[in-house]
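Dear colleague,

Please find below the structure that I am handing over to you. My findings follow directly after it.

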Amino acid sequence: MIASLRPRGGARSRLARVSTKLKNRLLHREVTVDIDAYEVLFLPSQTRRIRFAIKGDVEITRNLANIPIPRIYEYAEVDALAFEQQNLREPGKEEEDDDALIDNFFEELKTAVVEGCVFKEGYSFPTKEGRFTLNRHTLGVKRPQGDDINPFYLILPSLYPESTFNFQGLLDFPAGKNLFPFQRDGVTFLLEQENALLADEMGLGKSIQAITAVRLLIRAKAIEKCLVICPKSVLTDWRSKFEEWAPELRITKIQGPASSRRGLWARKSQVYLVTYDTLKEDVLNIDEEKAVQLSFDLVILDEVQRIKNKSTQTFRAINKVGGRIRWGLSGTPLENRVEDLTTIFSYLKPGLFRAYEVGNPLYVKSAITPFTLRRTKNAVLKDLPTKTHDKVLLELGARQQAVYNMAERTGVIALKEKGKTVTVTHVMALVSKLKQICNIETASGESCKLEYVMDVLQNLDETGEKMVIFSQYPEKTLRLIKPRLQRFKPLIYQGSLTSKQREEVLKTFNEDEDMRVLLISLKAGGLGLTLTVANYVVHFDSWWNPATMSQAEDRTHRIGQTKNVFVASLITQGTVEERIQRILEEKRELFNEVVGEISDEGLTRLLNEKELFGLFGLQRAKNRSKSQDISVSPRQN
Amino acid sequence: MSKRPSSIRRFLLGTKAAGFLTLHETEKAGYTGSFLITDFKGIPIEFRCTHPLKPDAVQRSLYGEALLSYIGVEICGKPLINAVKKKPKLLFVDKPFLLKLDEHAPCPTFLVQEIEEDDASAKPERFDATYHVEVIESGYNGFQPIELVTKGEVKQKTRELIEQLYSEVNILESFERMKNAVGSLNQITSRFKSVER
């Protein structure tokens, strides 16, 4: 007997939501289902299962093959629905979690994976009389008989082609998919290295090279399980790339609530995709029993600079993941310091450096060279359209200028009043506030940058070209300028969107010609996305690290882009923005001298306390023992 | 001017091939589709099989009686036919529902059945008038006569091809080969463990 348990409060609304979704999903399929009553009922708590019940008097009239099915169960208990009652009763859960829960439940029967081989046809060789061919019969292939059959008579030489660097004929690429020659070199490089850093410039297809290498290794039976760890924004992109480039591999995307994830980790797959944050949660679970033990034949770290800091939980979590083969992918591996590289390699190639060698940039560079491959677009993609940079210096409007002056003056006074207690955080807070005013003055809505953007967009009216606008302040800038750009039907992409919403935004922007502007939070959309449909990029404000901005604009300047790309960095004259810019440009030259081509993208801000305080004519407090770099990362939104 | 095919290529192009497609079911592994292509001497030219599929309780409920047909034709049969490089001249299946592959196969499709001794010539009731039942006898190899069911009449040329094949190759035995091979694969290769859906 199924008992109905009425959940309380917010849980009830979630239950209703999930029930409706289940029903819709069921009805949405091609199955014609006549269900006049449908409920999800909770069992008493001791069973900790949910029953999926279709009430009596229900007939499914037609199934997928259009064949009548006279009757379905009065109550169909579904064992596979092993979601704990608790899952459904957490009112705070996002809709995204509901979808994951339902997805697992109503999984369609998918087209089967087919494997197999063509047998040796025979050999042909030249003789004096001409070519001589030995066919299969001449070779005496043993004919299998009855029970004595050995499957390998049938399956020889192997179910999988052997690993080879000559792809011709052995690895079929899906229709229309071909690697550039330099990408084939990249695949070869990865296959030769158990520990590798593929540091190609943005847009050269690092993930595709890695996927092809994974595919070859799996087909050659060199590996069975592979883990790809990536930022959240590109998780879906990785999956779709795997589906495009290696459709025969079984992929599991690790996401959803923790209890579902345990099941996903246990699922048999060849490739597991997970974000850094999810991995951190699962591996470093305080409850040791719940912590997932992970070991793979191959671990790929996308945007490997995420583990540059040894003291972070991310680094600790990654180090708990076992992997015989370890590859890192990054367009900008050397963001801030040489130590970042040594930390990255402490995972990719443990034991590469001894302690006293870590601080020597020249040694570090020579040590990592055999394991690093970096190509630039200029070198390998001569046909790719150009990317033009433009630093646009703008003058604040009168109202904006007045508010800015007032804010800076009062801010500096406040800092001075703090005396020796003033910290980097205080200065950073003032910088942020001033930069926001430079973007838009909230009370009057005045913004010289917005005016500039509107002008450019109007000029683009005839050509219909699209623009991507990056800012580090999604709420205090992007949200504020969005209504003013309404004419160009702007879309917004920021961290607070769910994965599904993000996908929808990108899909709409890519497919709908009327959507001309995409407003992107630098943190949420700076990595991994492909936005080649746009060829105008505007940095509404500048981030400390030019490499981060460069990564962001390369969302448009990558393979697939057919037009020349124009990048504009907007800087307001006579403000803190201009002062920061000047220091960064000086640093850029200094940094290049030390680390050379490895870091030509990874320019660092390298702003120490003295320079930061100097922005406002302040001096560093004397009680600080030594200069320290200010480590800042884009604000999470 | 078109490039002249190599001797191996010419040899392959000239090889007549027959295809045998079936769906295996085991309680433990689930359903596996397999497709063997041999020449007219019974020597394998190509072999493809699917990873095992194990529908879950919801899928079993919703697909009902159509489950087998759906898995056999849509999920396994069509991809198998699309996957093979060597296109056969004749396609044999051993399950009635696989006859639906006739619409997708590049050649005539036949359901192979052993003849039941008590009523060798009767048309099975489960097939309507659009299906044609033909009894084929083996040549010098002396295999037991078999019954072939197909949609529409069998052309004379096709019939000759079948007789030529059946004089050399025991058609029913070809299905046994695949059954044994897939059974062994399930045991030997961990990759072929079933996927619970």
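This is a predicted model: local features need pLDDT of at least 70, side-chain atom pairs count only at pLDDT 80 or more; totals for chains, interfaces and linings use all residues.

Residues are numbered from 1 along each chain as its sequence is written, chains are lettered from A and ligands numbered from 1 in the order in which they are written, and side-chain values use heavy atoms, with hydrogens and water left out.

Chain A contains 23 helices and 20 strands (DSSP runs numbered from the N terminus: helices are H or I, at least four residues; strands are E, at least two). Of its 637 residues, 53% are buried (under 20% relative accessible area, with a 1.4 Å probe and protein chains only).

In helix 8 of chain A (residues 235-245), the buried residues are Leu235(A), Trp238(A), Lys241(A), Phe242(A) and Trp245(A). Seen down the helix axis, these residues fall within an arc of 125°, so they line one face of helix 8 (the arc is that of the directions from the axis to the C-beta atoms).

Gly186(A) lies in helix 6 of chain A, residues 181-192, and is buried at a relative accessible area of 0%. Beyond its neighbours within four places in sequence, Gly186(A) is in contact (heavy atoms within 4.5 Å) with Gln209(A), Leu373(A) and Arg375(A).

In chain B, Ser69(B) belongs to helix 3, residues 67-83. Ser69(B) is buried, with a relative accessible area of 9%. Not counting residues up to four places away in sequence, Ser69(B) touches Glu74(B), Phe97(B) and Lys100(B).

With kind regards

Note on methods:
Buried means under 20% relative accessible area, exposed over 50%, partly exposed in between (1.4 Å probe, protein chains only).
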